[in-house]
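Let's take a walk through this model together, starting from the inside and working along a helix and a strand. Keep the coordinates open as you read.

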Amino acid sequence: MKLKTLLLSTAAAAMVAGSAFAQDVTLRIQTHYATEHPTGKLLAQWIDDVQTMSDGEISIEMFYSSSVVATTETFDAAINGILDCDATGGAYQTGKNPAFQFVGDIMGGYDTPWQQYSWLYYGDGYAAAQELYNAQGMQLIGWSIYGQESLSSSKPLAGFEDVKGWKFRSPPGMETEIFQELGASPIVMDFTEIFTALETGIIDGADASGLANNVGLGLYDIVKHATYPGFHSMPSDHLACNQDVWEGLTEGQRRIIDTAWQKLSFHVALSNEKANAEAAAALKEQGVTLYDWSPEDRAEFRRAAQVAWDDWGTRSPEAAALLESHKTYLKQLGLLSE
């Protein structure tokens with residue numbers, strides 16, 4: 001009985017000591033996704049996973065649709081303590097350091113989300129990226145990658161020859177440089193301007209999102225051509241937290257958040273793969289032509305992309321380091337020649 005009493009007392013003391021370190025915490029996080037968006041719904045599941053696995057110790061207050069600050073300002077809001085974490089994407093921060101392009105969207109690099117995830121976790125990518133984030137007072141927790149985006153067009157897009165002179169909506173940055181190298185005429189414009197520009201013939205097409213998302217946007221009510229599977233752009237969203245906030249969590253709390261985010265990442269990629277396949281089948285039935293570029297045309301795009309990569313790699317030491325890390329791993333995967 002004395003031994004039993006001693007063991008119970010020791011266990012009770014350990015519980016008291018543990019509770020002194022594992023305090024309840026609430027994390028304020030902003031995402032650019034709406035609650036009804038597929039990724040927004042998966043984020044809600046992630047919140048539930050974190051709160052359940054932590055037994056209520058970690059609470060998350062998620063601000064959807066960039067409701068606190070503009071999407072591009074989310075990272076700064078986390079740095080300055082207005083928020084605790086940023087669930088948008090690194091590509092919005094190229095103004096801080098061009099190296100963020102190589103954690104946001106390398107453009108024409110990896111073929112699948114799984115290859116890009118493998119660079120992060122097994123190709124020294126996490127350590128290389130972490131230096132970039134830590135220099136800003138932030139901690140990179142992980143990515144979510146929904147897969148290759150599709151180009152939508154009012155004209156055929158069977159290969160790179162078809163993009164010569166092709167006027168299309170493009171996001172700013174590296175993408176415009178790559179398509180200019182291929183002879184296209186990218187026009188930077190806001191998402192909200194795409195439909196009017198297509199209807200009036202100002203542009204011939206658009207880079208907007210993945211195939212299923214483009215269906216949801218109604219693009220194929222206007223245009224009847226698209227690339228699928230995509231090849232040109234595979235953006236990664238991130239979860240990045242204020243470094244002091246992250247280091248203030250217990251190891252157990254950090255593990256829960258990280259593990260739950262990896263589950264989220266897995267389901268974002270899988271659910272979009274399924275949604276895109278279903279969208280492709282439906283679009284073919286509706287008379288939309290889908291173009292799967294040949295290995296030769298994909299190689300030509302990657303060649304043009306490397307011209308832009310090398311230019312961006314000269315813009316900061318961090319960009320050079322990240323680009324070298326990507327190139328080394330892409331060669332290991334056989335996606336780049338020596």
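In this predicted model, the largest nonpolar core is made of 50 residues. F102, W309 and L322 have the most contacts inside this core. Helices α3 (74-79), α4 (101-104), α5 (113-122), α6 (125-134), α7 (174-181), α12 (295-312) and α13 (317-332), along with strand β4 (138-145), each supply at least two of its residues. The largest share, six residues, comes from α12. Both domain 1 (25-147 + 234-275) and domain 2 (150-233 + 288-333) take part, with at least three residues of this core drawn from each. Another core lies apart from it and has 26 residues, including I29, V50, I60 and I257.

**A closer look at W309**

If you select W309 and leave aside its neighbours within four places in sequence, its contacts are F102, I106, M107, G108, G109, M174, L323, K327, L330 and L336.

**The helix around W309**

W309 is one of the buried residues of α12. How does the span of this helix compare with what 1.5 Å a residue predicts? The 18 residues of α12 should span 26 Å, and the end C-alpha atoms are 25 Å apart, so the two values agree.

Buried in α12 are D297, R298, F301, R302, A304, A305, A308, W309 and W312. Viewed down the helix axis, these buried residues of α12 fall within an arc of 165°, which means that they line one face of the helix. On the other side of α12, P295 and E296 are exposed. The cover over the buried residues of α12 includes α4, α7 and α13.

**A strand and its partners**

Now turn to strand β8 (residues 205-209). Is β8 largely enclosed or open? Five of its five residues are buried, so β8 is largely enclosed by the rest of the structure.

How values were computed:
Residues are numbered from 1 along each chain as its sequence is written. This is a predicted model: local features need pLDDT of at least 70, side-chain atom pairs count only at pLDDT 80 or more; totals for chains, interfaces and linings use all residues. Side-chain values use heavy atoms; hydrogens and water are left out. A nonpolar core is a set of buried Ala, Val, Leu, Ile, Met, Phe, Trp, Tyr and Cys residues joined through side-chain atoms within 4.5 Å. Buried means under 20% relative accessible area, exposed over 50%, partly exposed in between (1.4 Å probe, protein chains only). Helices (H or I, at least four residues) and strands (E, at least two) are DSSP runs, numbered from the N terminus. Domain bounds come from an automatic or database domain assignment. Contact means heavy atoms within 4.5 Å. The expected span of a helix is 1.5 Å times one less than its number of residues. The arc is that of the directions from the helix axis to the C-beta atoms.
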